Amino acid sequence: NLYKWNSILLRHRREGDGEEEVFFSEYVHIRAASVKKGNRVGRGERIGYSGDVGFSPEPHLHFTIYRSGEAEAPSLSFQFEGRDGRAYQPKAGIFYDSSGPVSSQDGGALL
């Protein structure tokens, strides 16, 4: 999906209570991807870089998790895990890097 919408869409599978759960995560405003369609990625692996592509005044990222592949699927709440292993829930207006919230923006964020 990178070439059409400057986004990366990942399909996730997770075992839970004897059943497989499938969900999708989408990253939008990607300036460079490190993955290609069909690649398998692991936890903590770089998938790309966010940027100021499209009609945006500065580098930023839109991130959503869906339980279904349907266009009108509701998004799910989620948490990220920083390098130190602590979980945090992202909030609008806050800058982040791979370790968690940061005090200022330094260009495109690593995904």
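Analyst: The answer below begins with the sheet, then turns to confidence, and ends with a single residue elsewhere in the chain.

This is a predicted model, and in it three strands make up an open sheet in the order 1-2-5, with antiparallel pairing. Strand 1, covering residues 7–16, and strand 5, covering residues 62–66, stand at the edges with a single partner strand each, so that one side of each has no neighbour in the sheet. On average, and with direction ignored, neighbouring strands of this sheet are turned by 20 degrees against each other. Strand 2, which spans residues 19–28, pairs with strand 5 through five bridges in the antiparallel sense, and glutamate 26 is placed opposite threonine 64 of strand 5.

As for confidence, the mean pLDDT of the protein chain is 78, and 85% of the residues reach at least 70. Among the elements of the chain, the highest mean, 89, belongs to strand 3 (residues 30–33), whereas the lowest, 54, belongs to helix 1 (residues 2–5). Over residues 107–111 the pLDDT stays under 50, and for this stretch the model has 20 contacts beyond four places in sequence.

Because its relative accessibility is 27%, valine 102 counts as partly exposed; once neighbours within four places in sequence are left aside, the residues in contact with valine 102 are Phe95, Tyr96 and Asp97.

Terms used
Residues numbered from 1 in each chain as written. Predicted model: local features only at pLDDT ≥ 70, side-chain atom pairs only at ≥ 80, totals over all residues. Heavy atoms only, no water. Pairing = 2+ DSSP bridges. Helix = DSSP H or I, 4+ residues; strand = E, 2+ residues; numbered from the N terminus. Axes fitted to C-alpha atoms, helices over the stretch in contact; angles between N-to-C directions. pLDDT = per-residue confidence, 0-100. Contact = heavy atoms within 4.5 Å. Buried < 20%, exposed > 50% of the residue type's maximum accessible area, 1.4 Å probe, protein only.
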